[in-house]
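Dear colleague,

Please find below the structure that I am handing over to you. My notes on it follow directly after.

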Amino acid sequence: MHYCSSDNDFMIIQRRGCCGAATRAKRSMDDEENDQELCEDDVVEIISLSEGEEQPIEDLEADLDGVELSHDKDGSDDEYSMGVMVIQPLRDDSITCLNEHRGPVFAIDVNSNASLVASGSQDDRALVWSTSDKNVVFECNGHTESVTCVCFSHDDKYLATSDLAGLVQVWQCSNGKCVWRFDASNVEWLMWHTGAHVLLAGTTDGDGWIWRIPSGDCKTIPSHGSGNMAGVLMPNGKSSCFGYSDGSVKIWDLKTVSLVSSYNPSPNQMSPVTCLSVHPDASVLVSGHIDGTARLFNASNMKLIAMLNLVTPGGENKGTSQENEQEEPAEDHFTEAVGFLSSHNLILVGYVTGSLAVWDIPTQKLRHVCKPEKNEGQDATLVRMCVSERGPFVYSCHFDGVIRLWNVLTAQCMREWHGHTAGILDIKLTKDESMILSSSDDSTVRLYETRNIT
């Protein structure tokens with residue numbers, strides 16, 4: 001939700017269709033939105049103000065009729081929380097709430113033994129917390145823009161952070177010291193190699209970066225003119241797959257920085273990639289796109305196997321699931337998350353509508369659509385998901401402030417966790433699956449127990 005004034009009118013504008021938590025966060029805080037052309041459907045309400053007369057903020061809030069403006073603790077307006085929709089949770093299921101941030105928390109990560117949590121926020125800070133006593137262990141200083149990526153290395157020795165200005169920093173977790181930094185362009189994604197101190201990143205200008213830490217030895221995979229929007233390490237550890245804003249998907253050799261194989265879409269299928277996932281056995285990989293499709297590839301040669309589309313442009317249902325009868329038109333089905341449930345040969349696709357579609361890999365047929373119950377006036381957009389290794393279970397977080405656990409074989413919502421007072425932007429499942437962590441527009445990080453899930 002965004003607010004702007006024009007002459008004597010005050011408009012409440014609903015921004016929709018962002019392609020992920022980080023992108024949604026960037027758009028929501030971008031002042032240039034005020035100058036963008038507005039679609040008629042974006043305007044929720046126009047409130048007329050008296051000619052030449054300023055309206056007190058108290059009267060303005062009363063006029064907003066159901067739209068709540070967040071305030072900081074002393075009741076004054078908070079530059080970070082203006083425009084954040086406030087949710088009244090049914091209850092607070094969290095066992096811990098970390099609340100030292102002063103703005104929306106875009107990204108979180110947790111180390112292997114769940115002793116440390118890292119968080120990155122719109123307040124230009126990254127913090128490292130102790131889960132045992134909730135204290136801040138150290139702060140990652142030096143960022144001058146919103147911190148949108150945080151990630152621990154495979155052995156928990158290092159933490160990497162990046163911000164919207166393109167600054168990438170690496171911190172030694174044992175003492176909180178910065179051991180390396182680099183200025184890139186706007187970083188879209190950041191990840192560690194799963195078996196080495198090698199850091200990978202993709203940027204809006206399309207470059208791919210590979211750094212050896214802490215020496216800083218660098219390799220660059222040059223742009224072909226499209227933004228590098230998503231990345232995933234291939235199971236062999238020798239190559240990585242990148243997804244681009246023109247819809248192309250490419251696999252690169254990390255040692256030689258040479259192209260292994262690629263998918264180049266036809267002109268009518270050049271929809272930006274929003275997310276990527278690779279099957280653990282490296283047989284197939286899947287990309288999610290803004291046009292609502294998920295594209296399944298043979299990972300060895302990047303041949304397109306199937307284009308999974310929940311509904312056709314005309315509204316005709318794909319698949320055979322009867323639960324799919326009331327789905328919205330295809331243009332509303334921005335793909336937010338993709339993944340594999342390898343134990344059951346299933347592809348999982350999450351959409352901006354909040355739905356989680358379950359597809360069969362061998363047949364590419366739709367098996368189920370998991371649909372959350374939507375409360376009136378709340379946005380149930382699915383933002384992130386974590387696949388469990390305990391069984392056919394998937395955790396999803398939504399913009400209505402709720403984390404949900406699904407049995408994807410039955411499409412049943414088994415459990416919900418409440419507590420956030422604004423939309424959730426990121427979740428992480430601990431390695432032993434004893435806890436799930438979430439970060440939110442409400443400036444907090446919350447921890448929830450999951451031990452009793454069967």
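This is a predicted model: local features need pLDDT of at least 70, side-chain atom pairs count only at pLDDT 80 or more; totals for chains, interfaces and linings use all residues.

Aromatic contacts

Nine aromatic pairs were found in a search of the whole structure. One of them joins Phe182 and Trp211, whose rings are tilted at 55° between the planes and lie 5.2 Å apart, centre to centre. This pair connects distant parts of the chain, with Phe182 in strand S12 (residues 177–183) and Trp211 in strand S15 (residues 208–212), 29 residues apart. Phe182 counts as partly exposed at 23% relative accessibility, whereas Trp211 counts as buried at 0%. Both residues belong to an aromatic cluster formed by Trp180, Phe182, Trp209 and Trp211.

A further tilted pair is made by Tyr263 and Phe297, with ring centres 4.8 Å apart and planes at 55°. Tyr263 is part of strand S20 (residues 259–263) and Phe297 is part of strand S23 (residues 293–298), so the pair ties together parts that are 34 residues apart in sequence. Tyr263 is buried, at 8% relative accessible area, and Phe297 is buried as well, at 0% relative accessibility.

The hairpin of S17 and S18

Strands S17 (residues 228–233) and S18 (residues 239–244) run antiparallel and are joined by five bridges. Within this pairing, Val232 stands opposite Cys241 in S18. The two strands form a hairpin with five residues between them, and Gly237 in the turn has a positive phi of about 75°. Tyr244, a residue of S18, has Lys250 over the face of its ring, at 5.6 Å from the ring centre.

Salt bridges

The count of salt bridges comes to 11. Glu433 is buried, with a relative accessible area of 6%, while Arg390 is partly exposed at 35%.

Glu416 and Arg404 also meet in a salt bridge, again given as 3.4 Å, N to O. Glu416 lies in strand S32 (residues 412–417) and Arg404 in strand S31 (residues 403–407), so this contact ties together parts that are 12 residues apart in sequence. Glu416 is partly exposed at 26%, and Arg404 is buried at 2%.

Finally, Asp123, Arg125 and Glu139 are linked in a network of salt bridges.

With kind regards

Key:
Residues are numbered from 1 along each chain as its sequence is written. Side-chain values use heavy atoms; hydrogens and water are left out. Rings of Phe, Tyr and Trp (its six-membered ring) pair if their centres lie within 6.5 Å; planes under 30 degrees apart count as stacked, over 60 as edge-to-face and the rest as tilted. Helices (H or I, at least four residues) and strands (E, at least two) are DSSP runs, numbered from the N terminus. Buried means under 20% relative accessible area, exposed over 50%, partly exposed in between (1.4 Å probe, protein chains only). A charge sits over a ring if NZ of Lys or CZ of Arg is within 6 Å of the ring centre and within 35 degrees of the ring normal. Two strands pair if DSSP finds at least two bridges between them. A salt bridge is a side-chain nitrogen of Lys or Arg within 4 Å of a carboxyl oxygen of Asp or Glu.
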